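Please keep the structure open while reading.

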Amino acid sequence: MITQVTKGIKISVNTTFEGTFFKNYKMHYAFGYTITIENQSKDSVQLTSRHWRIYDSLNEVETLDGEGIIGKKPVIKPGESHTYNSGCLLTSTIGAMRGHYNMVNFSSTEKFRVYIPTFKFSAPFALN
């Protein structure tokens, strides 16, 4: 598990290898990840958007921006957490992701970033 804390918001990430399949006559490698966002601060916060950088050892870096996570903009109260699962397709057996969430503090109305630590993907049969 990879963890990082920014302004009292702890991000924890676990990754899994989901398998391989052909798409558009090309082999793809499916990876899953579970992220837990834990509010260790004294204020309620809301996740409003996300920014990702996806690294595939055989491709250019892909950048993704979007509203919320998995169609939600969770409000996380002090001492509570929000966990979700998602996934990533790569054309190689090795890759990584990193990024940040844009959040709002309900007490101060301050907008801030919570950094997501770099987490790696590696198929179990890949040579590192």
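1. Is glutamate 110 buried, partly exposed or exposed? Glutamate 110 is partly exposed, at a relative accessible area of 33%. The classes are buried under 20% relative accessible area, exposed over 50% and partly exposed in between, with a 1.4 Å probe and protein chains only.

2. Some ground rules. This is a predicted model, in which local features need pLDDT of at least 70 and side-chain atom pairs count only at pLDDT 80 or more, while totals for chains, interfaces and linings use all residues. Residues are numbered from 1 along each chain as its sequence is written, and side-chain values use heavy atoms, with hydrogens and water left out.

3. Overall make-up. The protein has 9 strands and 0 helices. Both are DSSP runs numbered from the N terminus: helices are H or I with at least four residues, strands are E with at least two. The C-alpha atoms fill a box of roughly 50 × 25 × 20 Å along the principal axes. Of the 128 residues, 41% count as buried.

4. Contacts across the sequence. A contact means heavy atoms within 4.5 Å. Take the contacts between residues at least 6 apart in sequence: 64% of them join residues at least 24 apart.

5. The β8–β9 loop. Glutamate 110 sits in the loop between β8 (94–105) and β9 (111–122). Leaving out residues up to four places away in sequence, glutamate 110 touches Lys7, Met103, Val104 and Asn105. Valine 45 is 65 residues from glutamate 110 in sequence, yet their C-alpha atoms are 9.6 Å apart. Threonine 109 lies in the loop between β8 and β9 too. Threonine 109 is exposed, at 60% relative accessible area. Its phi is near 60 degrees, a positive value in a residue other than glycine.

6. Two further loops. Asparagine 24, between β2 and β3, has phi near 55 degrees, again positive in a residue other than glycine. Asparagine 24 counts as exposed, at 67% relative accessibility. Aspartate 43 is in the loop between β3 and β4. At 14% relative accessibility, aspartate 43 counts as buried. Beyond its neighbours within four places in sequence, aspartate 43 contacts Ile76, Pro78, Asn105 and Ser107.

7. The core. A nonpolar core is a set of buried Ala, Val, Leu, Ile, Met, Phe, Trp, Tyr and Cys residues joined through side-chain atoms within 4.5 Å. The largest one has 27 residues, and Ile11, Tyr33, Ile35, Ile37, Trp52 and Tyr101 touch the most other members. Two or more residues each come from β2 (9–23), β3, β4 (45–56), β7 (81–90), β8 and β9. Isoleucine 35 has contacts outside its four-place sequence neighbourhood that include Ile11, Trp52, Tyr84 and Tyr101.

8. Aromatic pairs. The whole structure holds 10 of them. Rings of Phe, Tyr and Trp (its six-membered ring) pair if their centres lie within 6.5 Å; planes under 30 degrees apart are stacked, over 60 edge-to-face and the rest tilted. Tyrosine 33 and phenylalanine 121 form a tilted pair, 6.5 Å centre to centre with 40 degrees between the planes. Tyrosine 33 is in β3 (residues 26–39) and phenylalanine 121 in β9, so the pair ties together parts 88 residues apart in sequence. Both residues are buried. Ring pairs link a cluster whose members include Phe17, Tyr29, Tyr33, Trp52, Phe121 and Phe125.
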